[in-house]
Amino acid sequence: MEFQARLNEIIKERYRKPLAKCTKAQVYHALLQLTQELSAQRPAPDTGRKLYYFSAEFLIGKLLSNNLLALGIFDQVSALLEKNGFTLAEIEEQEPEPSLGNGGLGRLAACFLDSLAALGLPGDGVGLNYHYGLFHQYLRNNKQEEQPDPWIEEQGWLIPTDVTFPVQFGSQTLNAVMWDIAVPGANTQTANRLHLFDVEKPAAAPTDGIDFDKGDIAHHLTSFLYPDDSDEAGRLLRVYQQYFMVSAGAQLILKELDEKGISPWNLCDHVAIQINDTHPSMVLPELTRLLLERGLSMNDALHQVAHACAYTNHTILAEALEKWPMSYIERVAPQLVPIIREMDRRAKSVFPDPRMVIIDHKDVVHMAHMDIHYTYSTNGVAALHTEILKTSELKPFADVYSYKFNNKTNGVTFRRWLEVCNPRLASLIDDCIGSEWRRDASQLENFATFVRDPKVLSAMLDIKDYNKQQLAKVLKQRQNVEVDPQSIFDIQVKRLHEYKRQQMNALYVIKKYLDIKNGILPTRPITVIFGAKAAPAYVMAKHIIHLILCLRQLIESDPQVRPWLRVVMVENYNVSWAEKLIPACDISEQISLASKEASGTGNMKFMANGAVTLGTMDGANVEIAQLVGRDNIYTFGASSDRVIQMYANHSYHPQEFYNRPWVKEVVDFIVSPTLVALGDETCLRALWNDMKTKDWFMALLDVEEYTAVRNRLLSDYEDRTEWSKKMLINTAKSGFFSSDRTIAQYNHDIWHLD
Ligand SMILES: *Cc1c(COP(=O)(O)O)cnc(C)c1O
């Protein structure tokens, strides 16, 4: 075994003692070095056109297990460690989780890199090397506290390069320094790269909280992901970050073209650029500008750009569709202003429709509009979302550019989200259908034939029990909370947002609490688990966290309720938490207001791991429902059509729902003396007031049906055989949601890399 000899050598050189005598940190660093060496030996795939995936975030998670799997030595390394008294899981505890992203959009980018590499397609990521992430979340006094989330160590995954590019801002020029992370492909002998640009002299972490001098671009440009944009300095910093990323990325593309001896006149035959949401949109004018510098005419430059670039839309939420005042771009990158004005002039000359302008009458630049006009593909991320884009949000564009619009339903990598995080389930599947599904997730379908096999069904239940016990241990270890693995684990983990409706889940918790106080006991104890970060400036989201934490404290201290109902909130929800929570989940909460969750990918991970979805007909839940059939998912709530209509004619009035019999009692509990005694009355009152009078994401519209369906689900859980069939079908039908499938479709329909 070649790798084993090399590992022994590394350990001997570094520590001068045998593996079994090393500390966990030493073992981790030796394996890190081995993994880096093996990845470095792999060439990039070379099939013709090359993809550059531009994204503000890459939520890659810890890399050790993932890379060992891709290098084909996961099992051998696990066995070797065990022979020497270690487990791979405890070694991986040593690894800091990279804070290069936060929610689903960043995790999608990470799954896509994994799948591109596994399919042997040439596709590199382009992003920023954030030092302190979004923030590290602490839960204190029933509130979220934010601290820097540093992750970069002397010896880590970042590979230094000698590549730098000058990025010219209005006020100064900064050098963008390129760092790489290797992305070895499973099932191949090749590796791609994630290119992360950084400033030359990054600032040290702020010492208390996440406040820093947002005007100090030279040192703080790459400090934090999504710096607070509630003031102008913060908004400008976001534009500085975006321009820094795309300018360096565009220069990298041209440098690589030069090295291959390809003329920039032929750029679009050799380069595909995917713009992940609007954050990298300035790559369009920036690449155009660089091509003009190389001597292309405006016509030729725009032609090359528009035939190289493609855009992915991730949201219809108005507040999330980026628009920048031209005055910001004037300050950050004045050289782009004439180009964007020319792009706008050309677009207006063909499409005078005011709903389609790039620059509006207030001199504000609509990034998504620029993307649609100047790329050859605009895709949505789930069937329903793409339909909504075409028929409502982006209808004027879809009407004239119907050939550009297409759907690519999101996916997740089953290597991380099933093979690595749930090895027992993975090996049960092997026992039933062989291991081919590990290369081709569509094979999981064959697992469905075991739905009447009592041995397999009871193995499904045993594995779930085991995973729940493991999670219970982790919760005890990390947060000192004891949960009952016999209880039902009902989990909602995702960014905190009103549209995702954690507040509706909290209302259910209140209802259950009140029922138990009135002697109406559930058949079996329920453990409701939350995990969520709120954006630091998102006040209402923080109020919702406060409500959840106050409810937790109330229930924990009530001996009458605690045996039946528990609330847990994991601190600093991230990929590592997800890998422990998802395999242990019974009920997957996917309860966004219909039409608002573009796809969701958490829903797919839970499904693959045999959780049953409780969800609205939103995003990819719709496709999950089609795949598993009505017996194997619990859906509720107003349809997206109805919701869209209610917004259009302003016909939703929360008071009507608030005044229903128990709804009022439950909502009013938020400001009851009992709860107010535990919390911050101002916050609770603000949340209560908003829910009664605005409730923009219509929690009260759906809360009654949600409660009824959730109760039905809890009682169905008691038929353990029937339930295990639902689990099995969910796993068996999840193969469609492999990001290998998604990437194959992007390649076939958009990128044409081979
Ligand atoms: C998958 C994932 C998400 C996305 O979850 P959604 O429920 O789709 O919003 C967010 N954060 C982490 C850590 C994830 O792994």
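**Close-up views of a predicted model**

**View 1. Helix α19 and its two ends.** At the start of α19, the backbone nitrogen of lysine 455 has a side-chain oxygen of aspartate 453 within 2.9 Å. The model shown here and in the other views is predicted. Helix α19 takes in residues 454–479, 26 residues in total. At 1.5 Å a residue the helix should span 38 Å, and its end C-alpha atoms are 37 Å apart, which agrees. Just after α19 comes asparagine 480, with a positive phi of about 55°.

View 2. An N or O atom in the side chain of lysine 605 is 2.6 Å from an oxygen atom of the ligand. For lysine 500, a polar side-chain atom lies 2.8 Å from a ligand oxygen atom. Glycine 602 takes part through its backbone: an N or O atom there lies 3.0 Å from an oxygen atom of the ligand. On its own the ligand has 390 Å² of accessible area, and the protein covers 96% of this.

**View 3. The hairpin of β3 and β4.** Strand β3 (residues 136–140) pairs with strand β4 (residues 143–147) in the antiparallel sense, over five bridges. Arginine 140 has lysine 143, in β4, as its bridge partner. Two residues stand between the strands of this hairpin, and asparagine 141 takes a positive phi near 50°.

**View 4. An open sheet with parallel pairing.** Six strands make up this open sheet, in the order β16-β15-β14-β17-β18-β19, and their pairing is parallel. The edge strands, β16 (565–570) and β19 (634–635), each pair on one side only. Strand β15 (residues 526–531) runs parallel to β16 and is joined to it by six bridges. Within this pair, threonine 527 has arginine 566 of β16 as its bridge partner.

How values were computed:
Residues are numbered from 1 along each chain as its sequence is written. This is a predicted model: local features need pLDDT of at least 70, side-chain atom pairs count only at pLDDT 80 or more; totals for chains, interfaces and linings use all residues. Side-chain values use heavy atoms; hydrogens and water are left out. A polar contact is a pair of N or O atoms within 3.5 Å; within protein, one must be able to donate a hydrogen and the other to accept it, and residues adjacent in sequence count only if both atoms are side-chain atoms. Accessible areas come from the Shrake-Rupley method with a 1.4 Å probe; for residues, only the protein chains shown count as cover. Helices (H or I, at least four residues) and strands (E, at least two) are DSSP runs, numbered from the N terminus. The expected span of a helix is 1.5 Å times one less than its number of residues. Two strands pair if DSSP finds at least two bridges between them.
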